[in-house]
Amino acid sequence: MSARGPAGAGPAAIQLSRIMRPDDANIAGNIHGGIILKMIEEAGAIISTRHCNSQSGEHCVAALARVERTDFLSPMCIGEVAHVSAEITYTSKHSVEVQVNVLSENILTGAKRVTNRATLWYVPLSLKNVDKVLEVPPIQYAWKELEEEGKKRYEEQKLERLVTKQRNGDIIFPVFNPEPYTVGYSQSSLIHLVGPSDCTLHGFVHGGVTMKLMDEVAGIVAARHCKTNIVTASVDAINFHEKIKKGCVITISGRMTFTSNKSMEIEVFVDADPFVDEPKERYRAVSAFFTYVSLSKEAKPLPVPQLVVETEDEKRRFEDGKGRYLQTKAKRQVQMQPLTQQ
């Protein structure tokens, strides 16, 4: 890990680097999206925790609250080196925005390419009282416009978190003898006991650990549906609604919601059962939508079998997913216009 100071007054940026190993990859040699997400969150947690403790006062640990949409621009492979750089770009009274970029390096040729860009939001929690949110030291902005743009992003994500929490009551039920290509055929769940190695100094799960498990379940859903090599293409905003404590049993559930010709949207929930110390009812801790694509042995995109929707709820979720797909497609076309006009 290295640290450097950005141009102008502000917190130091950091960079984490490590080589990708065989146990980081799928059977085709592509690095799991969950591995990249975990590295992104580690970098964000380090820089935000460091910044929140940069002034004298009560010590804290920065907890992940939200990850904005993250696109996987290019697959990473075994033997390449991932360089994850993080920088704080906005602070409100109680939250920190961190921008993260991921580069992949071929150490034989020295060639580098951008594989991911992500935006994460953290809140500082007191080490003495985990329910106490502390104030964030403000950063200095090179231009007033940067602060105004950051405030706009802060208000937008705050509203989106509220909307997501309101629709968070869905439950995935098992389906017996489902037909191929239906929602029930590919839906999957994973159960995990939260241990000390999964947790922060507070004894709560690292956001990166949760995202890695979510990606694993989403990948199983996609593979069951396609029966081909699949890779993560993007992750819609991941909202962390409640903390998950050491000793909890978490259930990560995923189901297919939408398919286009070449992509699949998978909804993933994380529900926590706190059995140790303070038994209480199961609660929804995290939710997100993952998008996967199907690849041939030559890493070329393959057509995706169309999802067969049977119930009214499945039809509604399919239409909602189609709306998100078309909205993303329209945004991408707008972003590409300046490039084609050059």
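Colleague: What distance separates the centres of domain 1 and domain 2?

Modeller: This is a predicted model, and its protein chain is divided into domain 1, residues 11-137, and domain 2, residues 172-329. The contact between them takes 25 residues from domain 1 and 25 residues from domain 2. Taken over C-alpha atoms, the centres of the two domains are separated by 21 Å.

Colleague: Which residues touch the most other members of the largest nonpolar core?

Modeller: In soluble globular proteins, nonpolar side chains tend to be buried together. Here the largest nonpolar core has 72 residues, and this core draws at least three residues from each of domain 1 and domain 2. The members that touch the most others are I244, I252, M264, I266 and F290.

Colleague: Is I35 buried or exposed?

Modeller: I35 lies in helix α1, which covers residues 33-52, and, leaving aside neighbours within four places in sequence, I35 is in contact with R18, M20, D24 and K212. The relative accessibility of I35 is 8%, and because the cut-off for a buried residue is under 20%, I35 counts as buried.

Colleague: How many residues apart in sequence are the parts that the pair of Y90 and Y141 ties together?

Modeller: A search of the whole structure finds 6 aromatic pairs, and one of them is formed by Y90 and Y141, with 6.3 Å centre to centre and 35 degrees between the planes, which makes the pair tilted. Y90 lies in strand β5 (residues 81-91), whereas Y141 lies in the loop between β7 (112-126) and α2 (144-166), so the parts tied together by this pair are apart in sequence by 51 residues.

Colleague: Which ring has the charged end of R284 over it?

Modeller: A charge placed over a ring occurs in the model at K243, which lies over the face of F204 at 5.8 Å from the ring centre. For R284, the charged end sits 4.0 Å from the centre of the ring, and that ring belongs to F269.

Colleague: Over which residues is the pLDDT below 50?

Modeller: The protein chain averages a pLDDT of 90, and 92% of the residues score at least 70. Where pLDDT is low, the predicted coordinates should not be read in detail. The stretch with pLDDT below 50, which has 18 contacts in the model beyond near neighbours in sequence, is residues 1-10.

Conventions
Residues numbered from 1 in each chain as written. Predicted model: local features only at pLDDT ≥ 70, side-chain atom pairs only at ≥ 80, totals over all residues. Heavy atoms only, no water. Phe/Tyr/Trp six-rings, centres within 6.5 Å; stacked < 30°, edge-to-face > 60°. Helix = DSSP H or I, 4+ residues; strand = E, 2+ residues; numbered from the N terminus. Lys NZ or Arg CZ within 6 Å of the ring centre and 35° of its normal. pLDDT = per-residue confidence, 0-100. Contact = heavy atoms within 4.5 Å. Core = buried A, V, L, I, M, F, W, Y, C linked by side-chain atoms within 4.5 Å. Buried < 20%, exposed > 50% of the residue type's maximum accessible area, 1.4 Å probe, protein only. Domains from an automatic or database assignment.
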